[in-house]
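Thanks for coming. I will go through one structure today, site by site, and then a few single residues.

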Amino acid sequence: MGSYELICPGCGRVVEDSYTNLCPNCGSGSPLLRTKYEDARLLPLNVEGFWKFLPWLPCGISGPKFNGMTVVYESEHLAAELGLKNLHIAFNGYWPERNANLITCTFKELEAPPTLQRAQEKGVLNMVLPSAGNTARAFINGVRTYDIKLYVVIPYNYKHKLVLPFEVTKNVKVIAVNNGADYSDSIAFATRMTKELGWVNEGGARNVARRDGLGTVLLEAVLHTKKIPKHYFQAVGSGTGGIAAWEASKRLLADGRFGEQPMKLHLSQNHPFTPMVDAWNKNLKELPKETEAQQKEAIVAVYAQVLTNRNPPYSIGGGMYDALTASNGVMYSISNDEALSAGKLFEKTEGIDIVPASCVAVASLKKATEEGGVATDDLILLNITGGGGERLEEDYDMHRAHPDLVCDRDTDMQDLKNALEDHP
Ligand SMILES: *Cc1c(COP(=O)(O)O)cnc(C)c1O
Ligand SMILES: [Zn+2]
């Protein structure tokens, strides 16, 4: 069914897909690989939920049933409050009153199905996934219906975040990295696991399945609005969602039926940790050079912790800098106070709780309206990347995924493997 090629924009070659996330020809300097789909037009299948977008996902066939999807609707109350006339909300989370049923409550849940399906089709047996929490919860959910072993690597300090509305299955192992490790340290640890044990790294922003999975947010939006939005608002940590939205917008432009105006990216980070905003506002392709200690000091002061990736794919070919450049994008630095009050405004006007990152996105939209960055009648898409966590707890019993192993940053990999084998 699904038919695609992997293309390397660096050397222009078609790359054979064996769960390939790096061009073998260009090596570690490889730009982000891209998918090219046989259908240049958006032709959703006549099925419910996520897999309707199979023709634009890098999978041969649909995976197990997954009815979850972004819910897109036109805002009435928040729009009125901000003086906007054409504001659409892409809600990713749990909100049964609006048929929103992503039970891990963020848009990361859209990354897991195509990634796991692609991995299974390519024969991946062991997958390593570093995560600050939301990606881990999304994949722990997705992998329940796959025969893939998932090793989730989290900073020890984040372990309380692995709370889920179901019991964790046996094919998941949670590895917590101790010693003040943060998200970027868990990424480094996971990289060592893949290099030294030969397991497959899920791939992060380099994984086309992850980006095209996130791209479905925009696809769902245009099915609703019939037009590519003029402005796209999202809070970013790695920028994967922003890059994905940009890539999806280019596909929709090429389709031709959804307008000819390119979409402008409006992306935000949470002050005082705003490396991409700082670089972009100086029009620099390189992120500011700060010491790890400086970065960590800023990170602890941030309300929206999922936005604190220290090594985002900003400078990489086809990454955040290129997407912002091509879309004539804007970046916003949002304070904790601005985020908190925007979150209250959203809950009051739209009637659902949202996660801190989404509060940052709402604050950036408010700022854009105040600064004249958007016009009253412009078609705007606000990506609420996560919400409904409180609503979910009214309906579900929650379970905690405890670490199976606690490691140090320099734990020997053979010891780690032995320890995992002792506790199957
Ligand atoms: C991961 C995440 C983000 C940031 O997304 P990126 O585009 O990958 O930077 C924003 N909001 C939520 C809820 C997230 O989980
Ligand atoms: Zn190449």
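The zinc ion, ligand 2, is coordinated by the SG atoms of Cys-8, Cys-11, Cys-23 and Cys-26, at 2.2 to 2.4 Å. Keep in mind that this is a predicted model. Along the chain, the donors of the zinc ion follow the spacing C-x2-C-x11-C-x2-C.

What is the arrangement of the four donor atoms around the zinc ion? The angles they subtend run from 105 to 113°, so the arrangement is tetrahedral. For reference, the ideal angle for four tetrahedral donors is 109.5 degrees.

Cys-8 has a relative accessible area of 0%, so Cys-8 is buried. Cys-11 has 29% relative accessibility and therefore counts as partly exposed.

Asn-21 sits in the loop between strand E2, residues 14–15, and strand E3, residues 34–37. Is Asn-21 buried or exposed? Its relative accessible area is 11%, and the cut-off for buried is under 20%, so Asn-21 is buried. Asn-21 and Glu-202 are 181 residues apart along the chain, and their C-alpha atoms are separated by 8.9 Å. Compare a second pair. Ile-140 and Lys-285 are 145 residues apart along the chain, and there the C-alpha separation is 35 Å. Ile-140 belongs to helix H3, residues 134–142, and is buried, with a relative accessible area of 0%.

Now to ligand 1. There are 18 residues around ligand 1, and those that come nearest are Lys-108, Gly-237, Gly-239, Gly-241 and Thr-385. By class, this shell has seven nonpolar, 10 polar and one charged residues. Strand E12, residues 231–235, and helix H6, residues 240–255, each supply at least two residues of the shell. Which element gives the most to the shell around ligand 1? That is H6, with three residues.

Next, the polar atoms. The side chain of Asn-134 has an N or O atom 2.8 Å from an oxygen atom of ligand 1. Gly-239 has a polar backbone atom 2.7 Å from an oxygen atom of ligand 1. For Thr-240, a backbone N or O atom lies 3.4 Å from an oxygen atom of ligand 1. On its own, ligand 1 has 390 Å² of accessible area, and the protein covers 96% of that.

Arg-211 is in helix H5, residues 208–225. Arg-211 is a charged residue, and at 1% relative accessibility it counts as buried.

Last, some backbone details. Most residues other than glycine have a negative phi, and most peptide bonds are trans. Here are some exceptions.

Cys-105 has a positive phi, near 70°. Its place is the loop between strand E6, residues 100–101, and helix H2, residues 112–121. Cys-105 has 5% relative accessibility, so it counts as buried. Lys-226 also has a positive phi, near 65°, and is found in the loop between H5 and E12. With a relative accessible area of 55%, Lys-226 is exposed.

The peptide bond between His-271 and Pro-272 is cis, with omega about 10°. Pro-272 lies in the loop between strand E13, residues 264–270, and helix H7, residues 275–281.

That is the end of my part.

Key:
Residues are numbered from 1 along each chain as its sequence is written. Chains are lettered from A and ligands numbered from 1 in the order in which they are written. This is a predicted model: local features need pLDDT of at least 70, side-chain atom pairs count only at pLDDT 80 or more; totals for chains, interfaces and linings use all residues. Side-chain values use heavy atoms; hydrogens and water are left out. A residue is near a molecule or strand if one of its heavy atoms lies within 4 Å of it. A polar contact is a pair of N or O atoms within 3.5 Å; within protein, one must be able to donate a hydrogen and the other to accept it, and residues adjacent in sequence count only if both atoms are side-chain atoms. Accessible areas come from the Shrake-Rupley method with a 1.4 Å probe; for residues, only the protein chains shown count as cover. Helices (H or I, at least four residues) and strands (E, at least two) are DSSP runs, numbered from the N terminus. Donors are N, O and S atoms within 2.8 Å of the metal (3.2 Å for Na, K and Ca); water is not among the atoms, so sites may look incomplete. Four donors count as tetrahedral if all angles lie between 85 and 135 degrees; four count as square planar and six as octahedral if opposite donors are over 155 degrees apart and all others between 65 and 115; anything else is irregular. Buried means under 20% relative accessible area, exposed over 50%, partly exposed in between (1.4 Å probe, protein chains only).
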